[in-house]
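Please read this short report alongside the sequence and the model. It is written for someone new to the structure.

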Amino acid sequence: MFELALKLRPHIKNLRQLKKNKTAMVGLIIILFLVFVALFAPFVAPHDPYKQNLEKTLLLPCKEYPMGTDELGRCILSRIIFGTRISLQIGIIVTGLTACIGVLLGMMAGYYGGILDEIIMRIVDILLAFPGLVLALAIAGLLGPGLFNVMFALTIVGWTGYARVVRGSVLSVKEKEFVEAARAIGAGDMHILLCHILPNVVTPIIVMVTLGMGNVILAAASLSFLGLGAQPPTPEWGTMLNNGRAFMRMAPYLTTFPGMAIMITVLAFNLLGDGLRDIFL
Amino acid sequence: MLKYIARRLIFMIIVVLCVTIMTFSIIYMVPGDPAEMIAMARYGIDNLIQDNIERIRHAEGLDAPIYVQYVKWLNHVLHGDFGCSLVTGAPVLSEILTRFPATVKLAIAGMMVSLLISIPIGIISAVKQNSLIDNLSMVGTLIGVSMPNFWLGLLLIMFFSLYPGIFPVCGYGGIRYIILPAVTLGTGMAAITTRLIRSSMIEVLKEDYITTARAKGLKEKSIIVKHALKNAFIPVITVIGLQLGHLLGGTVIIETIFAWPGVGKLLVDSIFARDFSLIQGCVLFMAVVFVLVNLVVDISYMYLDPRIRYEKGAE
């Protein structure tokens, strides 16, 4: 483990460069803010996100309800705040799983080659033969509406990008002298993969994970918007947008604010990811 | 060259075969008994009698082993028979093909919007790198990439249909109906294309032959249009081709918002109706279209850029 930390040291030096990259810093600050909001949602939110108040339905934004209330008199701001939790959770879980699966399979394909490589990369090709959200949509739709099924569908579809990139990097790294040297002193495959190859392919993974967070959050919100993800009354942004559609004429703020929340979150991850790419790659 | 194309074709057939396995097995991911689901879709949840279920199981051949079912299904698919919709009973393929023109129309319109935005902005920001216009357009593209397109669609409906009533809220018909969905679709794509055109142009403007052209005393305008643009566009065309593949595969969300009767809307509707054969048909159709478009893009790329030769890979 210590060895791994030592190998990662040059990357930490790179992080200092990040401070100079303005757009990346803006992204990072927004992300930290979102994480704070998500962690302390019960303290930040002015109201209970589930509490209905039928005397105060579809209120315009005012002092008590800064973003107004929805058709059941629930505070939109509080719902958006609690929605941060859901979106970040989905992002972290799905991105984490897809990255782990993709990196693991990509490393195995690149390192061992042969039949294993063929099988893994052909599976990647098959999954990439479906355009955009179509496969995730079909899987989530057939399994039935629900957040868990959306996350499952996005995980099945999402790991291919990581596998491709990691495989490519491993192919170029594994021929290097230091790998040769490690093998000569009798290091096992596991040791070589984890301690010698992984640290050398980690930079593109960091960039992909950051950009991936944004994409996953956007995809999950899209599926929820179609009615496949979180079900009402869950305060999920996509679900809220879908609900608000019916009231677009009377209460446009029902759709405006959740949409803005999605956009800002995704934008933050894109800003940071772009900055990291400029530094690392 | 022919060798490369042949290899790609064979490879494509293998991928499509695997795609059929995947699409076929999608139904078995559903928790529960497919025969029961079909009975539910066809007769409604109230008329769920064991007799009906057994009859369906037998009639649809669901009592045979899975691989037998697959081979039978594949045989039908290869003969252009995707089965019939479980809900309406209409043949799946004809249902999809009647919807496809709407998707093609929307895809082309969206692509046109995207190019109208991205080509001028991309070129200007490359030529005037780090200027105010460049910085603004780069911020704009980041926002464009991050903007959920369903939200953009709703905002456009709000600003152009609900209050002033310039365009219809949704539906299918003349040119007035296509403008909002096309703009929604186009702006999202334009964000990606603009960045690409910009970086590709910047790359090309550094080349020696541009310096030569400048040294010859050619006008800046003709350098950009005649020398730089042509070469900068080669990678751009690939991405545009890939985007077109995605679009033809169905712009699911935008078609749903604007009630645009394309293949994407058909897929979403069939998912909610739990119409399995229609879902299978749509997914398979989209995948095949996508793979075909990608193949065409790859081959045309080779014609466009004589520097690329795939022979090495073919041996």
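Predicted model: local features only at pLDDT ≥ 70, side-chain atom pairs only at ≥ 80, totals over all residues.

Residues are numbered from 1 along each chain as its sequence is written, while chains are lettered from A and ligands numbered from 1 in the order in which they are written.

**Confidence.** The predictor gives the complex an ipTM of 0.86 and a pTM of 0.89. pLDDT is the predictor's confidence in each residue, from 0 to 100. Chain B has a mean pLDDT of 84. In chain B, 95% of the residues reach 70 or more. Helices (H or I, at least four residues) and strands (E, at least two) are DSSP runs, numbered from the N terminus.

Over residues 311-315 of chain B the pLDDT is below 50.

**Chain A.** This chain has 13 helices and 0 strands. Its C-alpha trace spans about 75 × 45 × 25 Å along the principal axes. Of its 281 residues, 47% are buried (20 or more other C-beta atoms within 10 Å of the residue's own, with C-beta atoms placed from the backbone).

**A helix pair.** Two packed helices are described by the angle between their axes and the distance between the axes. Helix H5 (residues 76-112) of chain A packs against H11(A) at an angle of about 145 degrees. Their axes are 8 Å apart. Axes are lines fitted to C-alpha atoms, for helices over the stretch in contact, and angles run from 0 to 180 degrees between N-to-C directions. Among the residues that meet are Gly91(A) in H5(A) and Gly212(A) in H11(A). The contact has 15 nonpolar, 5 polar and no charged residues. Here Ala, Val, Leu, Ile, Met, Phe, Trp, Tyr, Cys and Pro count as nonpolar, Asp, Glu, Lys and Arg as charged, and the others, Gly among them, as polar.

**Between the chains.** The contact takes 33 residues from chain A and 35 residues from chain B. Two residues are in contact if their C-beta atoms, placed from the backbone, lie within 7 Å. H13(A) gives the most to the side of chain A that touches chain B, with 8 residues. That side divides into 23 nonpolar, 7 polar and 3 charged residues.

**A helix of chain B.** Helix H9 (residues 208-215) of chain B is hardly covered. Among its 8 residues, the count of buried residues is 0. Gly217(B) follows H9(B) and has a positive phi, near 85 degrees.

Conventions
Buried ≥ 20, exposed ≤ 12 C-beta atoms within 10 Å, placed from the backbone.
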